[in-house]
Amino acid sequence: MLEAAEVFKVFQKHRGDAIVIPTGTSGRQWADFTNNEKRDLTLGGAMGQTTAAALGVALSLPSEKVVLFDAEGALLMNLGILATVAGMQPQNFYHFLLDNECYATTGGQPVPNAKQINYAGMAKEAGYAAAYRFDDLEEFERNVGKILNEKGPVFVSIKVIPAIENEPIGMRQRRPTRSRTQTIQDLRDELGIRS
């Protein structure tokens, strides 16, 4: 299993100007690694719906590369989205799944059948153009640049060490973040979209 921080460091070398949508517990660490916050679109509180939202972004901005850092707990809440993504075939969509084998946001409860599920296999069989699995940082580093140059939709499952949060939600320390309105406005300005 990899540290999410290591995954993000490696990914940043290949990000380019992609729009990145970080989600889940590991996704909250993204703020420490981003190199272009104005092209980050955070979807906090959208557990189970982040893939659908990211798909919408990819479909509405076909000339932009869209990268989702998803969590397996969230994906399991809406597993049918894999078929929807595959059916829509967004060539600019890169679906990275940070699989920590638990619901880290709610205290670390285990995901059912966590050791046996092959999310990349599910995505490939659903119809994604390509799907990959990684549990070795060097292998991920050797391949991520090539993967980000493929036509999507591409699915990348990465086993990561959980960052479990046990504090009650109202007591958790959070980094200051941009408001949803500011995030959307920053992205519109970055893309030259007039509202």
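Trainee: What makes helix H1 count as mostly covered?

Mentor: In this predicted model, 7 of the 9 residues of H1 are buried, where buried means under 20% relative accessible area, exposed means over 50% and partly exposed lies in between, with a 1.4 Å probe and protein chains only. The buried residues of H1 are Ala4, Ala5, Val7, Phe8, Val10, Phe11 and Gln12.

Trainee: Before going on, what should I know about the numbering and the values?

Mentor: Residues are numbered from 1 along each chain as its sequence is written, and side-chain values use heavy atoms, with hydrogens and water left out. Since this is a predicted model, local features need pLDDT of at least 70 and side-chain atom pairs count only at pLDDT 80 or more, while totals for chains, interfaces and linings use all residues.

Trainee: How many helices and strands does the protein chain have?

Mentor: The protein chain has 8 helices and 7 strands, which are DSSP runs numbered from the N terminus, helices being H or I with at least four residues and strands being E with at least two. Of the 195 residues of the chain, 47% count as buried.

Trainee: Why is H1 called roughly parallel to H7?

Mentor: The axes of H1 (residues 4-12) and H7 (residues 137-147) come within 10 Å and cross at roughly 25 degrees, the axes being lines fitted to C-alpha atoms over the stretch in contact and the angles running from 0 to 180 degrees between N-to-C directions. Angles under 35 degrees count as roughly parallel, over 145 as roughly antiparallel, 65 to 115 as roughly perpendicular and the rest as oblique, and therefore H1 is roughly parallel to H7.

Trainee: Which residues make the contact of H1 and H7?

Mentor: Glu6, Val7, Val10 and Phe11 of H1 meet Leu137, Phe140, Glu141 and Val144 of H7, contact meaning heavy atoms within 4.5 Å. By class, the contact has 6 nonpolar, no polar and 2 charged residues, where Ala, Val, Leu, Ile, Met, Phe, Trp, Tyr, Cys and Pro count as nonpolar, Asp, Glu, Lys and Arg as charged, and the others, Gly among them, as polar.

Trainee: Why is H3 also called roughly parallel to H5?

Mentor: Helix H3 (residues 50-60) and helix H5 (residues 81-88) pack at an angle of about 10 degrees, with their axes 10 Å apart, and that angle makes H3 roughly parallel to H5. In this pair Thr51, Ala52, Leu55 and Leu59 of H3 meet Ile81, Thr84, Val85 and Met88 of H5, and the residues of the contact divide into 6 nonpolar, 2 polar and no charged.

Trainee: What makes the aromatic pair of Phe11 and Phe69 edge-to-face?

Mentor: Rings of Phe, Tyr and Trp (its six-membered ring) pair if their centres lie within 6.5 Å, and planes under 30 degrees apart count as stacked, over 60 as edge-to-face and the rest as tilted. For Phe11 and Phe69 the values are 5.1 Å centre to centre and 85 degrees between the planes, and the pair is edge-to-face. Phe11 lies in H1 and Phe69 in strand S2 (residues 66-71), so the pair ties together parts that are 58 residues apart in sequence. Both of these residues are buried.

Trainee: Why is the pair of Tyr128 and Phe155 called edge-to-face?

Mentor: The ring centres of Tyr128 and Phe155 are 5.7 Å apart and their planes stand at 90 degrees, so this pair is edge-to-face. Tyr128 lies in the loop between helix H6 (119-126) and strand S6 (130-134), and Phe155 lies in strand S7 (residues 154-159), so the pair ties together parts that are 27 residues apart in sequence.

Trainee: How do you know whether Tyr128 is buried or exposed?

Mentor: The relative accessible area of Tyr128 is 2%, and therefore Tyr128 is buried. Phe155, with a relative accessible area of 0%, is buried as well.

Trainee: What makes Asp99 count as buried?

Mentor: Asp99, which is found in strand S3 (residues 93-99), has 1% relative accessibility and therefore counts as buried. Beyond its neighbours within four places in sequence, Asp99 is in contact with residues including Met1, Glu72 and Tyr119.
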